[in-house]
Amino acid sequence: MDFNVKKLASDAGVFFTRAVQFTEEKLGQAEKTELDAHLENLIARGDCTKNWTEKIFRQTEVLLQPNPSARIEEFFYEKLDRKIPTRTTNGELLGQYMQDAAKDFGPGTPYGSTLITVGEYQKKLGGAEREFLQASAVSFLTPLRNFLEGDWRTISKERRLLENRRLDLDVCKARLKKAKLAEAKAAAAPDFQETRPRNYILSASASALWSEEVDKAEQELRVAQTEFDRQAEVTRLLLEGISSTHVNHLRCLHEFVEAQAAYYAQCHKHMQELQKELSSANGDAFPNAFAVNASTSGISAGPSPLSGGSVPGHPAASSSPLEPAPLKIEEVKPPATGTRKAKVLYDYDAADTSELSLLADELITVYTVPGMDPDWLIGERGNQKGKVPVTYLELLS
């Protein structure tokens, strides 16, 4: 490795001079060349763009990959220019666990078969999440990263070079000012009565030397001014390109929103299909859970007057013309055994006086009667009583 002592000493000297110059500028002891207002506005706009782009980029990374260890691993893979290994999403992992559990519990049991169904849809949700993560990384994260690691680094480099050119220009201005003051002092007319001829000759020689120094300083100032103007123009053009960056990021933002919308729509579709499958399966599961012996219920066996209800969105059960007239809901008595507590999952507005309105998260007592529609239960809350849809409840005990 070449070790140039002279270059090292020169760089150290320049660094020390820059430090002294910065200190004098801060203390107001040295003149500072100000940039034009347009360039200052462009620099402020560029800094603002960089800061907010960096924050949005970091937070989007957290949104797409909440695990910091996984983010660090992906970072190292990118720096090593290696392909990031495929990682199983949480939804896919949960679905696999559910299906494995169903094998042990028995796929023919109600719980086992439901685990298999839910597990399949969890895998579908995990697959949709994977597609969303890939699309977001390509359409949104990558352009932001390219700006921060590419364009902005170039802009920062040119800005540092512009600052050095400004400092050089200020040094040349100070040198010229000092030379002119010395020249004016040397050119002052001497007192011939008190000044010896020898001193007069020395004074004239000094004046000539300072005149040459002024010419040299003016030449250096012109060169420094030209380099400063050229670098200011380069920096200005790069900073004006921020407008194109905003346009590009706007397009990427639209693509990110479209990917999010497609992802959530796909998830909603899968969950609706899952709810339909579970609702059709619950017709057999819930009657078994609420089966009550007719001899202990206090109500005679036979068709229930409440069996005509239906869950919204499901076709109502057809009633026989020989079916007796419905009894009032107040006449239905709770069975001696078989009542359970349930938590309300969603708000529900009663369609008529035979139904009970529900509020999300409240607890009610529910039970069934023989022959009742399996999609409905009798719910009680204090002195209020009425039919409630099963799909709006979470059974607790």
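## A walk through a predicted helical chain

Leu-253 has its place in helix α7, which covers residues 242-289, where helices (H or I, at least four residues) and strands (E, at least two) are DSSP runs numbered from the N terminus. Residues are numbered from 1 along each chain as its sequence is written. The model is predicted, so that local features need pLDDT of at least 70 and side-chain atom pairs count only at pLDDT 80 or more, while totals for chains, interfaces and linings use all residues, and side-chain values use heavy atoms, with hydrogens and water left out.

With a relative accessible area of 39%, Leu-253 counts as partly exposed, because that term covers the range between buried (under 20% relative accessible area) and exposed (over 50%), as found with a 1.4 Å probe and protein chains only. Together with Leu-250 and Val-257, Leu-253 makes a nonpolar surface patch of about 250 Å². Such patches are made of residues with over 30% relative accessible area and no salt bridge, like charges being joined within 9 Å and nonpolar side chains (Val, Leu, Ile, Met, Phe, Trp, Tyr) within 5 Å; a salt bridge is a side-chain nitrogen of Lys or Arg within 4 Å of a carboxyl oxygen of Asp or Glu.

Thr-53, by contrast, sits in helix α2, residues 37-64, and is buried because its relative accessibility is 7%. Leaving aside residues up to four places away in sequence, Thr-53 touches Leu-144, Phe-147, Leu-148 and His-249, a contact being heavy atoms within 4.5 Å.

Helix α5, residues 110-186, has 77 residues and reaches 108 Å from its first C-alpha to its last, close to the 114 Å expected at 1.5 Å a residue. Helix α5 also has a kink of about 40 degrees centred on Ala-137, the bend at a residue being the angle between axes fitted to the seven residues ending there and the seven starting there.

Asp-361 is exposed, because its relative accessible area is 56%, and Asp-361 has a positive phi of about 75 degrees although it is not a glycine.

Turning to the whole, the protein chain has 8 helices and 5 strands, which follow the pattern α-α-α-α-α-α-α-α-β-β-β-β-β when read along the sequence. Of its 397 residues, 29% count as buried. Among the contacts in the protein chain with a separation of 6 or more, 71% are between residues 24 or more positions apart.

Conventions. Expected span 1.5 Å × (residues − 1). Areas by Shrake-Rupley, 256 points an atom, 1.4 Å probe, with all protein chains shown as cover.
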